[in-house]
Amino acid sequence: MYRSNTCGELRLSDVGQTVTLAGWVQKVRNLGAMTFVDLRDRYGITQLVVAEDAGDAVKAVAGELGREFVVQATGRVIERASKNAKIPTGDIEVAVSELRVLSAADTPPFTIEETSDGGDDLRMKYRYLDLRRPPLQRAMMLRHRLAQAARQYLDGQGFMEIETPFLIGSTPEGARDFVVPSRMNAGEFYALPQSPQTFKQLLMVAGYDKYFQIVRCFRDEDLRADRQPEFTQIDCEMSFVEQEDVLTTFEGMMRKLFADTLQVEFPAEPFRRMPYAEAMARYGNDKPDLRFGMEICELTTLAQGRGFGVFDEAEYIGAVCAAGCAGWTRKQIDEITEYVKRPQVGAKGLVWVRLDEGGEVKSSVDKFYQPEDLRAWAEAVGAQKGDLVFVVSGARGQSLRVLSELRLELGERLGLRDKTKFAPLWVVDFPLLEWDEETERFYAMHHPFTSPKPEDVSLLGSDPGKVRANAYDFVVNGVEIGGGSIRIFDSKLQAQMFELLGFTPEKAAEQFGFLMNAFRFGAPPHGGIAFGFDRLCSLFGGADSIRDYIAFPKNNSGRDVMIDAPSRIDKSQLDELSLKLDL
Ligand code: ASP
């Protein structure tokens, strides 16, 4: 028996027992007569004490210990003279009578404690050491809990977990595929799935009317803090459902995840639903953070025609109100202006209007506007005395983007984005298609299998850009956590959709013949959703990056620096795959 207890378990009630613990040495303090050792495992830390009378053999072993040695210690649990209220085992210690080194350790390259002195790169290289630290252990545990709760819920609802293949052909979901050369079929490639989309639809045709899978997906995209080349989805599909059925089912799952892991209970009424067009107009964003108000107010007609060229020529003028910010200094206003002028946001400038406590109005465009004009704007945007209004103008889409960024940043600076609060939302009625100026063609906003709203189908021929889809996103606190749609299940409509997306019938048949064929053999109406599981974990954990919730993530250049991948392969391996490099 290696251990009788874990390092997080012993309490005052265990005093007097003889126990055996095994774990890693976090810290050794040699006080001459006595040596104290903090012994750690993933359950906690227990203090070992090697006393004067412990015997020479034990004392000799204790003298050799270094950080991260793996040891086994046997001894009696005793009450501590000086208790440590910071850890659950802080009332006791183990008076060691036998001590054995199970595995010696080199000095670790960084401290393995709550906070580490190691930089990002070093910790990624020695990820297995970083994973020993409590914050990562908590992250891994949260991930585990969420996965179990999701499984439990879906199983309880009659969903079956079914695996789908990783070696497939491309699924065109907008991103680049990772490809895998086939040795047995020289010159041919598999693609790793961007999602199991077509397979889950085929499972519906096969009659497995409630499917889920917690599944790895692969997308060869440029990386950001919340993106990894391989990531995990809770992928789901259901038959004989309409949008409302899907939303209700997965709202139930979300409630359970929040309740089980964070003890957060939402009011009984359904989560808020907001059409895409409304989200864009009121928040400038299809994933609005509803933890705070500060809605965008359009001022186009109100603010034009007074001779201020910038506004008069603008397609759109809109404003947000920073409540209680009339006292902002020039420096604060300059800072936020610089923030929205960053290339990522792209504002040309910000106009401000201040309503001071005395009711006086002042602005950066006083030359062009009368106080009554400015008061009218302030009133429109709901500003009170003591508030500061920011106005943005330009092309509509761009201005809304700026206003959205501005709103989020103001929310941040005003402390309105509290990480312990959650504002869940369904964004619905997305456009079916998105026009791309560069390639002059439509792209599917969600994916090509998403169905148009029945009432909009007639517009497919005449005004496809106006067609709304049966597509929905689940958004929490400004983060898109999941998205899905009710699918097309009619091969003729699917063919029409492919045509709109610029596929020739041959190309469509080549890529999706299998799906369209399947639809000819009795396809049920179906729809589904996929949740970004890594993002869900980081949302629940209150972190911005998904990396900490993935045991072995890639760095920002898509590398695993621990195992050094990707890497070159031997000439013989290339030959076997009939590949030649052209570098
Ligand atoms: N396959 C979609 C995605 O990965 C989700 C869905 O439509 O179910 O975004």
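The model is a predicted one, where local features need pLDDT of at least 70 and side-chain atom pairs count only at pLDDT 80 or more, while totals for chains, interfaces and linings use all residues. Residues are numbered from 1 along each chain as its sequence is written, and side-chain values use heavy atoms, with hydrogens and water left out.

Let's start with the sheet. Helices (H or I, at least four residues) and strands (E, at least two) are DSSP runs, numbered from the N terminus, and two strands pair if DSSP finds at least two bridges between them. Five strands make up an open, antiparallel sheet, ordered β12-β13-β16-β14-β15. At its edges stand β12 (297–298) and β15 (361–363), each with a single partner strand, so one side of each has no neighbour in the sheet. The partner of β12 is β13 (residues 316–322), joined to β12 antiparallel by two bridges. Across from Glu 298 you'll find Gly 318 in β13. Helix α11 (residues 371–380) lies across β12, β14 (351–355), β15 and β16 (387–394), at about 95° to β15; axes are lines fitted to C-alpha atoms, for helices over the stretch in contact (heavy atoms within 4.5 Å), and angles run from 0 to 180 degrees between N-to-C directions.

Now for the cysteines. Searching the whole structure for disulfides (pairs of cysteine sulfur atoms within 2.5 Å) turns up zero. Cys 297 has the sulfur of Cys 321 as its nearest cysteine sulfur, 10 Å away. For Cys 321, the closest cysteine sulfur is in Cys 325, and 8.1 Å is too far for a bond. Both Cys 297, at 16% relative accessible area, and Cys 321, at 11%, are buried (under 20%, with exposed over 50% and partly exposed in between, using a 1.4 Å probe and protein chains only).

What comes nearest to the ligand? Of the 14 residues around the ligand, those are Gln 197, Lys 200, His 446, His 447 and Arg 487, where "around" means a heavy atom within 4 Å. A side-chain N or O atom of Lys 200 sits 2.6 Å from a ligand oxygen. For Arg 219, a polar side-chain atom is 3.1 Å from an oxygen of the ligand.

Last stop: Arg 123, in helix α2 (residues 120–125). Arg 123 is buried, at 19% relative accessibility. Beyond neighbours within four places in sequence, Arg 123 touches Phe 110, Ser 116, Gly 118, Asp 130 and Arg 133. Phe 110 is 13 residues away in sequence, yet 7.7 Å away in space, C-alpha to C-alpha.

Note on methods. A polar contact is a pair of N or O atoms within 3.5 Å; within protein, one must be able to donate a hydrogen and the other to accept it, and residues adjacent in sequence count only if both atoms are side-chain atoms.
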